[in-house]
Structures are given as C-alpha cells and as structure tokens.
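Hello,

Here is the structure we talked about. Have a look, then read my notes below.

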Amino acid sequence: MITHYAQLKEVVEKSMQKVKITDLHTHIYSEKFDKLLLWGIDELLTYHYLIAEYFRYSNLHYNEFFNLPKSKQAELIWDTLFIKNSPVSEAQRGVLTILNKLGLDVKSRDLKGYRNYFSNLTTKEYINKVFEISGVKEVVMTNDPFDPLEKPIWDEGGNEDQRFKAALRIDSIINQYEKSYKSLMEWGYEVSENLNEKAISEIKRFLTEWVQKTNALYMAVSLPPSFKILEDSNRSKVIEKCVIPVCRQLNIPFAMMIGVKKLVNDDLGLAGDSVGKSDITTIEYLCKTYPNNKFMITMLSRENQHELAITARKFRNLMVFGCWWFLNNPSIIEDMTRMRIETLGLSFIPQHSDARVLDQLIYKWTHSKKIISNVLIDKYNDILNIGWSMTEEEIERDIRGLMGNNFWDFINK
Ligand code: HDL
Ligand code: ZN
C-alpha cells in the first residue's frame with residue numbers, strides 16, 4: 001500500500017511514463033494520406049503557432065513571408081525565435097523537446113544537422129519512432145470530406161493503420177451550409193440551398209454514410225463564441241435536425257470546440273484565428289434537451305473553463321476534454337487540471353495534443369504528462385495526509401482512465 005509522499009511520487013511518475021495514451025483530437029494522418037501528414041524540422045518550424053510568434057519580431061510583409069519556400073520560412077523562424085531571441089515560449093520550447101527526445105544535440109543549434117537527421121528517415125520509420133517516444137497508442141485524426149486532398153483517399157479505401165482513428169469534421173456543413181450544399185449536390189445528395197425536409201434527410205444520409213465510410217468515432221465541429229442554438233439559422237437547423245439525430249442513431253458523440261474567432265487577422269492565414277468567451281447556456285440547452293446524446297466539449301476561452309466544469313457536474317452526457325490551442329500552456333494546463341480534478345474528480349479527459357505535425361506528439365505529451373502527474377501527486381497526497389492509502393494498481397487505473405479509458409468508456413457508453 002502507498003501511504004507516503006516519496007512512494008506516491010515514484011508510482012505516479014512511473015505510471016504516467018508507461019501509460020499508453022489515446023490522443024482524441026489531432027490533425028495528423030496515417031501514411032496513406034500522403035501530403036496531409038506533416039513531419040520533420042521544417043514543418044515543425046513553420047507551425048502556425050510559431051509563425052504568429054515570428055511576426056511579433058518581424059517587419060516583413062506577410063505575403064513576402066508566405067511566398068517564400070517553406071525551407072526559407074523555417075530558416076527565418078529559426079533565426080528570429082531561436083537564435084536572435086531565446087526560445088522560451090511553449091511552442092518554441094516544444095521544438096527543443098522534440099529534438100532532445102530524438103537524441104539530437106539542441107546545444108549545437110545546428111539546423112543543417114537536424115535537417116540531415118530527418119532526411120535519412122522514411123515516413124514509416126518516423127511514425128513508429130514518434131509513437132514509441134511519445135507513449136501514444138492511438139490518435140484520432142480530423143477527417144474533412146470537403147478537403148479536396150482528403151476525400152479521394154477515402155473514396156479509394158481510406159485509412160488502414162489502426163493507430164489512426166477517424167473523426168468526421170463537419171465545419172463546412174454546420175458553419176458554411178450556404179456554400180457546402182453545392183458539393184453535396186455534386187456528390188449525389190438531393191439537397192438545396194433552402195434547408196427543407198428533403199435537404200434535411202439527405203444531409204442525414206450524407207453524415208451516416210461518411211461516419212460509416214470512415215468508421216468515425218465521433219462528429220466534430222469548431223464554433224464561434226457567438227454560437228447559440230435557439231436562433232433561426234442554418235447552423236442551428238443542421239445541428240438539431242441532422243447532426244444530433246444521426247449521432248443519437250449511431251450512438252456516437254458530437255464534439256463541439258467552441259470559442260474560435262476566425263481570421264481576426266486574415267493576413268496571418270491559419271495563424272490568424274483568435275479567441276472569444278462563449279455562452280455556456282447553449283451547452284446547458286443541448287445537454288438538457290438531448291439527454292440520450294453524448295457531447296464532448298472543449299472551449300477555447302480561459303474564462304469559460306470553470307462554468308464548463310460546473311455544467312459537466314449537471315449533465316453526465318457531457319464529457320469535458322483538453323486544454324485546447326491557446327490554453328495548451330503549462331501555467332493554464334496546471335490551473336485547469338487542478339480545477340477540474342477538484343470539481344469533477346477523475347470524470348474528464350485532461351488533454352489532447354491537437355498536433356498538426358507528427359513530431360509534436362512528443363513535445364505536447366511530454367509537457368502535459370509532467371503537469372498532470374504533478375497535479376495528481378498533490379491531490380493524492382492531500383488524501384494520504386488524512387490517512388487514506390492506495391495501491392499501485394489503483395493509481396495506474398486512474399491514470400489509464402485520464403489518458404485514454406475515459407474517452408473509450410464514453411464512446412462505448
Ligand atoms: O479547429 C481546430 O481543430 C483547431 O485545433 C485548429 O485546427 C487550430 O488551428 C489549431 O491547430 N489549434 O491547435
Ligand atoms: Zn484542432
């Protein structure tokens with residue numbers, strides 16, 4: 001039995017080190033998806049988080065930068081964020097964590113040498129290496145049928161690598177139906193600009209067919225801070241009349257990622273999105289109105305986190321997940337994880353990586369596992385100090401839950 005701190009710390013750290021992680025939201029792809037799978041030092045350096053940070057120091061015109069070849073963009077970012085300034089931001093430190101975990105010498109600051117290392121690896125070898133080092137067992141992709149690069153791959157058979165699961169991403173239908181309905185028509189669905197009964201049933205057919213084609217674990221969408229359901233909009237109709245009924249029928253969760261202010265600075269492209277506080281009453285309405293539907297929710301604003309955790313106390317069909325995007329920083333992850341354990345116990349999913357470049361699984365999980373471990377040690381120690389005791393297996397059970405089983409239990413609920 002574990003009864004004191006030193007033992008506790010050792011067991012928690014060992015358990016976190018060996019747990020096999022399910023990463024429930026990423027933008028990485030199996031090898032079959034070819035160019036959609038990004039990896040290597042130049043992709044890491046041109047990650048949109050680092051592009052935003054680069055422009056903090058640069059007077060270069062946005063287009064001048066974006067018209068450069070990726071290798072030149074990477075060199076500018078390396079020189080500005082790593083050489084001319086110390087790489088202390090979370091995304092900057094992340095690049096160093098990856099290089100270090102790969103066994104490369106970050107002291108050398110030898111970008112040429114790093115490039116040489118990656119040029120000697122095949123995609124297959126590197127996927128295996130990254131999964132091994134990061135402790136990730138499986139990832140869930142972001143699969144968008146409206147992505148012209150992705151759709152043909154699914155039409156020709158799709159994913160075969162069981163480490164990569166699918167999620168059906170439907171922003172185009174939910175947020176831009178007035179545009180995306182034309183693609184649905186081209187693909188043989190009898191929809192129309194007006195969301196009449198026929199269009200509603202054809203959208204439901206499309207969603208059902210694509211969940212089955214991709215074997216999607218859930219449907220997902222990112223939503224603005226202004227998101228509400230009780231309004232007369234295409235968005236609310238598509239969600240209530242198409243997405244929620246099909247998710248119920250297939251018994252899969254609907255994942256809503258809420259609080260993105262799209263293209264606040266459109267000169268920055270993908271790096272131009274920002275954040276806004278959202279209205280929690282919409283989540284209360286959906287969880288209450290659809291008790292037999294399962295909702296996975298993450299919100300982008302720090303100010304929404306406490307009320308989201310409280311809402312999860314009210315609705316067992318709501319699964320809170322991740323420290324998303326602008327929240328994926330050590331100080332905020334610690335704060336959110338402490339608050340969530342104090343409010344929800346172990347009934348939530350503390351993190352997902354949102355990795356856009358395969359290698360990022362290494363840094364995002366190395367950094368988060370350390371923080372989650374430290375919070376758990378504190379919380380377990382609080383109860384040890386009152387005379388509680390635990391077995392190593394109980395701690396391993398709790399950590400397996402947080403790092404994967406809570407997700408699978410919710411999927412299979
Ligand atoms: O909509 C999303 O899934 C977000 O995660 C965006 O992809 C965002 O650009 C991102 O990469 N965040 O980490
Ligand atoms: Zn994402």
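Ser222 sits opposite Met257 of strand E5. The chain gets from E4 to E5 by way of helix H13 (residues 234-250), and this β-α-β crossover is right-handed. Right-handed means that, with the strands pointing away from the viewer, the path from the first strand over the helix to the second runs clockwise. Helices (H or I, at least four residues) and strands (E, at least two) are DSSP runs, numbered from the N terminus.

Two notes on the source. This is a predicted model: local features need pLDDT of at least 70, side-chain atom pairs count only at pLDDT 80 or more, and totals for chains, interfaces and linings use all residues. Residues are numbered from 1 along each chain as its sequence is written.

E5 has two partners. Strand E4 (residues 216-223) pairs with E5 in the parallel sense over five bridges. Strand E8 (residues 295-299) also runs parallel to E5, joined by five bridges. Strands pair if DSSP finds at least two bridges between them. Met256 stands opposite Ile297 in E8.

Best wishes

Key:
Chains are lettered from A and ligands numbered from 1 in the order in which they are written. Side-chain values use heavy atoms; hydrogens and water are left out.
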